[in-house]
Amino acid sequence: MNATAQSSIPSGLPGVVNLWNRFKGGLTFRLQVGLCVVTSVLIIGFGYYDYSSAQKDWNYQLTELVDRVSLRIATASAGPLWSINMQQVVETIKSEMSDENLLAVEVRELREDKGGVFVTMTRQHDGTVSLTQKFESRSPISRMRMISYEGHDIGTATVHVTNAGMKRQMQTIFRQILIRIIVVNVISLAIIWLIMSRSRRIEEENNELRRHLQNIFNSMPSSLLAMDSHAIVTQMNRQAELMLGNTLDDSKGEPVADVLTIFPQAVPLIEEAAKTGQALQHRLEKTDDKGVLTHYEIHVFPLENALGCVVRLDDVSMRVRIEEMMIQNEKMNSVGMLAAGMAHEINNPLAIIAQACQNIERRLSDSLPKNKEVAELLGVDLLQLNRYLTDRQIYTFLENIKNAAARASNIVQDMLAYSRKSESRFAPCDVSELVDHAIRLSEGHYDLKKKYDFKHIEIERRYDTSVPPVACDKTKIEQVLINIIENAAMALMQSASVRPPRITISTKGAEGVVRIEIRDNGPGMDETIRKRIFEPFFTTKPVGVGTGLGLSVAYFIVKEQHKGNIEVESTIDVGTRFLIELPIDPRKVGSP
Amino acid sequence: MIRVLHVDDEPDILHGVKAYLEDEGMEVSTAGSAEEALAMVQSSEQFDAIIFDLRLPGMSGDEAVLHLHSRYPEMKYFICTGSMDFDATPNMKSAGLSQDRVFYKPLKDMSKLAAAIHRDVKKCGTDS
C-alpha cells in the first residue's frame, strides 16, 4: 500500500507540474486571467453603482425621516413642554421611535429659568427605547427643530438617526459583490476549462492524426510531391527530399518547375494532368555524372475538385532490368532451341565433308598398299600425280575445306551447348582453384594467338576462401570464365586509356550461391551493346575474329545448365563488370 | 580380318566410314536402320564390332545396343552420334559402352575410331 502510494507521487507530480506549465504558458491561461479581471471589474463597477445609489437612497430616506419625525415631535410636544408635562413628551417620543432607524430624540427647553435638556430618549443595543441623561452625538444625520408655543420658541427637538441599517445593507451589497465575483469567475473558469480541455483533446487528436499521416507519407518507398492548383509545392515526403536533394522547407511555396529541376520533362505532364483531370503515367530515364542510367516512373494524380496534383516518382531501374532479363530469357530460349535443332541437322553434312576429306587425303597418299595396287593397275604414277596435285594447289583447297568444316563444326558445337543438360558431369569443385585454372588457360590461349600480351594486364585476385565447393561442370564453367576474361583482355587491348589495364576477379559466398565477379577497367560499352551482348552471333569484333557465340554459350551454360545467373553492367570509360551467380547445389534450385 | 557393321541412316556417312575402315583392312557392312542391322546379325552374319548412330528411323541406336548385347555379349558396340549431349547410361555402360567407345560427328579424325576398334577387338582376340 505504502509503496504504491509513494510510487504514485513522483509519477503524478511532474505530470501536474507539466500540465501547469503548459497551461501557464498557453493561450488558455491568458484568456482565463483576462476574463477573470474583466468580469471582476464589471461586477465591482455594477456593485459600486448599487452601493452608491443605495447609500444615496438611505441618506435621503434618513433625512426625510428626521425631518418628518422632528416636525411631528416638535408639533406634538409643544403643549406638553409648555405645561412641563414630561410624561406626555416621553409618550410622544416613544410612539414616534417605533422606526428602528431612529437612534435618539432630545428635547431641550429654551426658557431662561429652566434651560437645558428636558427629555433624552435613546435606543439601546437591544433595540428598546429608554430615558437617558444625555446623548453623545455620534449620529451621521440629525435634525433640530424649534418648538414654538403661541408664537414663542420654547424649546428644541433634535432627532438622531442611526446608519447601522445602512451599514448592514452596504455590507450585504459588498458581500454580494464578492460572492458574484467568486461565483461568476468559478463558473466561467469551469466553462472555459471544459471547452479548452475539449478543444485540447481535439487538437491532440488532430496532432496525432497529422503525425500519423506524416509518418505514412514518409514511410512510402516512393517519392511523393503535392502541389496546389497553381503548381506550387505544398508537401513532399522524405523520399522525395532524398531524390530531389532539397528539403520540404526549401521547396514549400516554390513552383514545381523549380523543385523538379532534375526532371524537366515532368512539368508538362503535370500541367496536362491538371488540365484534363486524368491521372498520367510516364517513364523517364536519367543518366548521372558517372554515366549510370536510372529508370524512373512518374505518376501524376490530379486531386479532387481540381485542388492540385500529387506526383509519385519511383526508381524502377530494378523492375526495368528484371523485365529486360525476362525478355532476354525468352529470346535466348527460343534462339537456343532453334540453334540446337539446326546444329543437329548440320552435323551430318559436316560429317560427310570431314570424312570425305580424310578419305581423299589418304587415298592419294603413296604409302597405302591398296593405292599403289590400283595405281599400278591403271598405269598411274602416284608420285607424279601428287606433284600435279600440289602444283595445282589441290591439297590447299582440300586443307581449306577441312579447316572450314572444322570451324563450322566448332560453331555447331557451341550452338549445341545451348540445349545441353549435362548434370551427370556435375561434381563439387573448389571455386578458387577453378578460377585460377581458367585464368591460366586464358593466359596460355592468348600467348598462343599472339594477339595480346597478357603480361601487361594486371590480374587481381580476391578470393573468398570460405566459400563451399560448388556442384558444377568444371570444364563448362572454365569455358564461361575464359570467354569473359578473353573479352575483357580484348577490350583492354582496344582501350586507349592511360589507366594500367587491370582485370579484377573476385569470388564471394552468399546465401546458397557463389558469386564470381570479373571486372575490367576498359572502355566499357553503351546500353545498346550491353542489352545484346548475350545474343547468339552478336559480336563487336571484326569478321572472322569472333563468332559471337562465346557469351551466349556462357549465358546458356550458367543459366540453363547450372540454374545460375549471369549479368553484365558497364559504364563508358569506367569499365565492365560481369557477375556470375552459381547455386552451390543446382539440384535444389526449382526448375522454372 | 575384323568384321564391322556400321548403322546410320545417312548413306554418304556410311560410305565415308566404310572407305576409311576398309583402307584400315577391315571388312565393313552397312545398314540404314537398327531393324536392318538386327536382321543381318540374326541371319547368322558374324561381326566383331557394330557402330550405331543414335538417331535412327524406328528403333534407336542405344535400344539396339541393349537388345543385341543381351544376346551377343561378345560383340563390341560403338556409338557414333551427332548429339553432343549423349552420355552413356549405367545400362549402356554395362553393355561395354565406356566413354571411349562414344564418338561425335563429325569425325574430324577417323583414325581414332579405327584405333579404338583395333584395340578392343584385338584385345578380345588375344584373350580368347
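**View 1. An open sheet in chain A.** Five strands of chain A make up an open sheet, and reading across it gives the order β7-β6-β10-β9-β8, with antiparallel pairing. At the edges stand β7 (233-236) and β8 (280-287) of chain A; each has a single partner strand, so one side of each is left without a neighbour in the sheet. Going from one strand to the next, the twist averages 20°. Keep in mind for this and every other view that the model is predicted.

**View 2. A helix packed on that sheet.** Here we look at helix α9 of chain A, residues 266-276, which packs on the sheet. The strands that α9 touches are β8, β9 (293-302) and β10 (309-315) of chain A. Compare directions and you get about 20° between α9 and β9(A).

**View 3. The β6-β7 pair in chain A.** Zoom in on strand β6 of chain A, residues 223-227, and its antiparallel run with β7(A). Three bridges join the two strands. To find your way, pick out Leu225(A), whose bridge partner in β7(A) is Met236(A).

**View 4. Chain B as a whole.** Now over to chain B, which has five helices and five strands. Start at the N terminus and the elements run β-α-β-α-β-α-β-α-β-α. Of the 128 residues in chain B, 40% are buried. Take the contacts in chain B with a separation of 6 or more, and 64% of them come from residues 24 or more positions apart.

**View 5. Helix α1 of chain B and its buried face.** Helix α1 of chain B covers residues 11-23, 13 residues in total. From first C-alpha to last it reaches 18 Å, close to the 18 Å expected at 1.5 Å a residue. The buried residues in α1(B) are Ile13(B), Leu14(B), Gly16(B), Val17(B), Tyr20(B) and Leu21(B). Look down the axis of α1(B) and these buried residues fall within an arc of 165°, so they line one face of the helix. Just after α1(B) comes Gly25(B), with a positive phi of about 90°.

How values were computed: Residues are numbered from 1 along each chain as its sequence is written. Chains are lettered from A and ligands numbered from 1 in the order in which they are written. This is a predicted model: local features need pLDDT of at least 70, side-chain atom pairs count only at pLDDT 80 or more; totals for chains, interfaces and linings use all residues. Helices (H or I, at least four residues) and strands (E, at least two) are DSSP runs, numbered from the N terminus. The expected span of a helix is 1.5 Å times one less than its number of residues. A residue is buried if 20 or more other C-beta atoms lie within 10 Å of its own, exposed if 12 or fewer, and partly exposed in between; C-beta atoms are placed from the backbone. The arc is that of the directions from the helix axis to the C-beta atoms. Two strands pair if DSSP finds at least two bridges between them. Axes are lines fitted to C-alpha atoms, for helices over the stretch in contact, and angles run from 0 to 180 degrees between N-to-C directions. Two residues are in contact if their C-beta atoms, placed from the backbone, lie within 7 Å.
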